[in-house]
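Let us walk through this structure step by step. Keep the sequence beside you.

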Amino acid sequence: MKKRILSLILCAAVLCTACATGGNDNKSDGENIKKNDKPALTVYMLEDDDNVWKSVGAFNTANPEYNVKVEVGISEEDSVTRTDAIKNLNTELMAGEGPDIIFLDGLPIESYIEKGILADLSEPMETLEENGETLFENVASAYEREGKKYAVPAFFSVPIVVGEKGKVNSEDLNVVLKKGEKLSDELIQYLAVNWREAVPMMLLTSWEQIFQGGEVDKELVKVFLENAKSIMENSEVDLSLEYYKYFPPFESMLDRYSGYALDVTGISFGTTPLVMGGLNLVVEQGAAIQSLNNQMEIFYQYLNQGNGKKFLPEEILGVSAVTANKEGAEKFVAYFLSAKNLGTDKYKGQINVNKTCVKNMLPQSEEKKYITSVYLDEEMTKKFEIYEFSPKEAEEFLQFLDEAETPVDVEWMMLEMVLMETKKYVYEGASLEDTINTIAQKMDIYQAE
């Protein structure tokens, strides 16, 4: 695995420049490393993320006693595949080597917990509490086992559905996949409007039921495939168009994981009475939902909540159980999850595990001041106005987020496999029976590895 390494022991001026520009000069293969006897800390992420680099830089500025390096598993400069990068990392970890701090997105977290690869993060969580910061406890405890927190998501997205009362029955969306029962033609038509979010969200929030305990429920796979095909057939997608050659539908679903962004403007503009997607932004989504709720009669609820109130974890932090610098690793985790880091502009109002931070980001006032407008088209024929929360609405919004209880624990490779097999069924003539069996066989093979 080719490693892109950053040594953040540069002079203050260089550090400031790196954080401000996010340039590539500090992402070379070690040319910026400076030899010293400071404690080394290695931060690993499977895919590159500029915000992580900036947070690492800010941490090192505040804690110059550490020599912090960043490793990226999949780099634009080499041909390492996702599968190869994960295998390389697993080999290091099983040998008791590898990084100190791991961003676990796309990695087999449950396997790491079972094999004792991850350390308990209870101490950095206690540090945050001692500093007066509260967390969304269900999210912070998502990977807690026998009182030990082995991983903590920094951010999360809540799969929700928003519908117009009188046109959509909210109860129909409590469980989206039912054995022997397809979604109604009416719901299919509505969901076809935002197919990019509807198909993967339907799959992700039902994953635990479909692939329960390593067993594949073929009846639920069948229902998912039939619903997905109906949604795509009723969508505006025309594969003969040039656009879809560059942005194929099912590949675009993968590219958006886990940012299946919710957009409620379609309901306001009357183009659809129903949308689903991920709630992960305070203003563009949170305040927008509340503003829409004040303008017309709508409902909003957790998608597929009959199977538990799910959330999609993002930037999931873990620490190696064999790190040689436990104190430094825990200090980094506490910093990364702090309001000081998560509340900065680089994260642009993303909903995160730090409840104190989210509360501070909520735009609220008794008079509910105007924030912005969204327009239907360039001619500005229709507009949707977004206003601040009232204090009561802000508290209700925080309570809604507090209800998120179960992480959607899906490894990226498995999601890719199911969506690509679904693509073959929808667009390439694969039979329903063959697709179901292929998905089951590939899942069995993966589980056995």
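What follows covers a helix pair, a salt bridge and a pocket.

This is a predicted model, in which local features need pLDDT of at least 70, side-chain atom pairs count only at pLDDT 80 or more, and totals for chains, interfaces and linings use all residues. Residues are numbered from 1 along each chain as its sequence is written, and side-chain values use heavy atoms, leaving out hydrogens and water.

Start with two helices (DSSP runs of H or I, at least four residues, numbered from the N terminus). Helix α8 spans residues 195-204, and helix α10 spans residues 218-233. They pack at about 175 degrees, with axes 10 Å apart. α8 and α10 are therefore roughly antiparallel (an angle over 145 degrees). W195, A198, V199, M202 and L203 of α8 meet F224, N227, A228, I231 and M232 of α10 (contact means heavy atoms within 4.5 Å). Nine of these contact residues are nonpolar, one is polar and none is charged.

Now look at charge pairs. The model has 19 salt bridges (a side-chain nitrogen of Lys or Arg within 4 Å of a carboxyl oxygen of Asp or Glu). One of them joins R82 and E47, at 2.6 Å from N to O. R82 sits in helix α3 and E47 in strand β1 (residues 40-47), 35 residues apart. A strand is a DSSP run of E, at least two residues.The largest pocket holds about 1,300 Å³ (open 1 Å grid set, 1.4 Å probe, protein both sides within 12 Å along at least five of seven lines).

Methods:
1 Å grid on protein atoms, 1.4 Å probe; cavity = no way out; pocket = protein on both sides within 12 Å on 5 of 7 lines; lining within 4 Å. Points joined across faces, edges and corners; volume = space filled by probe spheres on them. Axes fitted to C-alpha atoms, helices over the stretch in contact; angles between N-to-C directions. Parallel < 35°, antiparallel > 145°, perpendicular 65-115°, else oblique. Nonpolar A, V, L, I, M, F, W, Y, C, P; charged D, E, K, R; others polar.
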